[in-house]
Amino acid sequence: MTTATEEKVIKFQIHRQDDENAAPYFEEFEIPYRANMNVISALMEIRRNPFNKKGDKTTPVSWDMGCLEEVCGACSMVINGKPRQSCTALVDQLEQPIRLEPMKTFPVVRDLQVDRSRMFDSLKKVKAWIPIDGTYDLGPGPRMPEKKRQWAYELSKCMTCGVCLEACPNVNSKSDFIGPAPLSQVRLFNAHPTGAMNKNERLQALMEDGGLSGCGNSQNCVEACPKGIPLTTSIAALNRDTNLQMFRNFFGSDKEV
Amino acid sequence: MAENREFYWRRLHSLLGVIPVGIFLIQHLVVNHFATRGEQAFNDAAHFMESLPFRIFLELFIIFIPLYFHAIYGVYIAFTAKNNTRRYGTLRNYMFFLQRITGVITLIFVTWHVWETRIQAALGADVNFGMMEAILANPWMVAFYILGVVSTTFHFANGLWSFMVSWGITVSARSQKISTYATLGIFVVLTIIGIRSILAFV
């Protein structure tokens, strides 16, 4: 083909893996260029017409997605070496060939799809909720100052996407560190006036093996977080809280929460 | 190890790195600096340290037990990390990486240094200016000692930074930035003291 008639294409190198135990390999794709594409619309194009660069028919690439507006976290993957959401990864802003890999910190289900269950299990472990159920109406809880609400809103933006775990050098197969996201959720729920009534239970959960102490302060999480959550500030504040809790546990204290 | 003890081990590891090991490091570097005032001054200072009462207990509880607990547990911590400075080339990620590298270098250096001085003293050698002069007559040993001292002072200064985070002293991003500069200053000062002492024997 001569340059004059050559169609503009988008080049991809995509991690393929048939199932969780299969050997991974890379497959190259070239799809016709359209303006304003994101990685997901490009993947949809491959699904519509599943032929690789060599022209061989292949299986469509498997990936996860949900909201398509960077609030659900499902479509996270490693794009050109950095973990991020594929819905907000605009093709025009990416260097080609665009290299897509799954976040291998999590078990790979197939191709770009991973199983993020460990994050949801972690949220259960640290009790990232506010218990309000009872046998009778407890009435309204204490009021939250508006400034504090605005601050807490930033922490509540966490969408459990897993990018911070993928970026953290201490979250890996050799360590059982829980990772930054669930830690910051403890800070969120402990800051809530009703949530604060169970503050020490959450701190206690963070002091178990694989908890807060696994942080090594590389601070990659705060760099990587797509929502700009101050994860390292949360971690340091929780260090302060758990240390006090440790002293209370050891020396005994009449301060319950 | 019993279950759910990791938090306490990690806090103990963080504490011992500064108190007493870090404090001992400063004291050791300061006493060594007498070497810049000549052979007699160094020998007098070394002799004073040697003749402290309860010496063996001071050495065990202020130096060897906390130091080797910190070192051995630290090697375990270092090997549970999966470094990714190529993906995230930020200052703090490099510091994280260097903290683990210098920890291992420092352990090798300190163990060698203890063998060459304290163990030899226990076997009857006299630890004095002449001994260090003889060791540092070899240019490779000068290089090894400089590497060892720089690695130790870096590990201490940067460790002080993460100590302040681990104990919840520096919480905000700004306080952590200020402590980065402060500990960088500590690194520079201690390194100058250490290298001046080494060069005094050369």
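His155(B) lies within helix 7 of chain B, which spans residues 139-166. The model is a predicted one. His155(B) has 25 C-beta neighbours inside 10 Å and is therefore classed as buried, the threshold for that class being 20 or more. Apart from its neighbours within four places in sequence, His155(B) contacts Gln99(B), Thr102(B), Gly103(B) and Thr106(B).

An unreviewed UniProt entry lists His155(B) under "binding site", together with His28(B), His70(B) and His113(B). Of these, His70(B) is located in helix 4 of chain B, residues 55-79. His70(B) is also buried, because 22 C-beta neighbours fall inside 10 Å. When neighbours within four places in sequence are set aside, the contacts of His70(B) are His13(B), Leu16(B), Gly17(B) and Val21(B).

In chain A, two domains are assigned: domain 1 covers 9-114 and domain 2 covers 117-251. The centres of these two domains of chain A, taken over C-alpha atoms, are 31 Å apart. Contact between them involves 12 residues of domain 1 of chain A and 13 residues of domain 2 of chain A. On the domain 1 side of this contact, strand 3 (76-79) and strand 4 (82-85) of chain A each contribute at least two residues. The largest share of that side, three residues, is supplied by strand 4 of chain A. By class, the side of domain 1 of chain A that touches domain 2 of chain A consists of six nonpolar, four polar and two charged residues.

Terms used:
Residues are numbered from 1 along each chain as its sequence is written. Chains are lettered from A and ligands numbered from 1 in the order in which they are written. This is a predicted model: local features need pLDDT of at least 70, side-chain atom pairs count only at pLDDT 80 or more; totals for chains, interfaces and linings use all residues. UniProt positions are given in the numbering used here, feature names are shortened, and annotations may be inferred rather than shown by experiment. Helices (H or I, at least four residues) and strands (E, at least two) are DSSP runs, numbered from the N terminus. A residue is buried if 20 or more other C-beta atoms lie within 10 Å of its own, exposed if 12 or fewer, and partly exposed in between; C-beta atoms are placed from the backbone. Two residues are in contact if their C-beta atoms, placed from the backbone, lie within 7 Å. Domain bounds come from an automatic or database domain assignment. Ala, Val, Leu, Ile, Met, Phe, Trp, Tyr, Cys and Pro count as nonpolar, Asp, Glu, Lys and Arg as charged, and the others, Gly among them, as polar.
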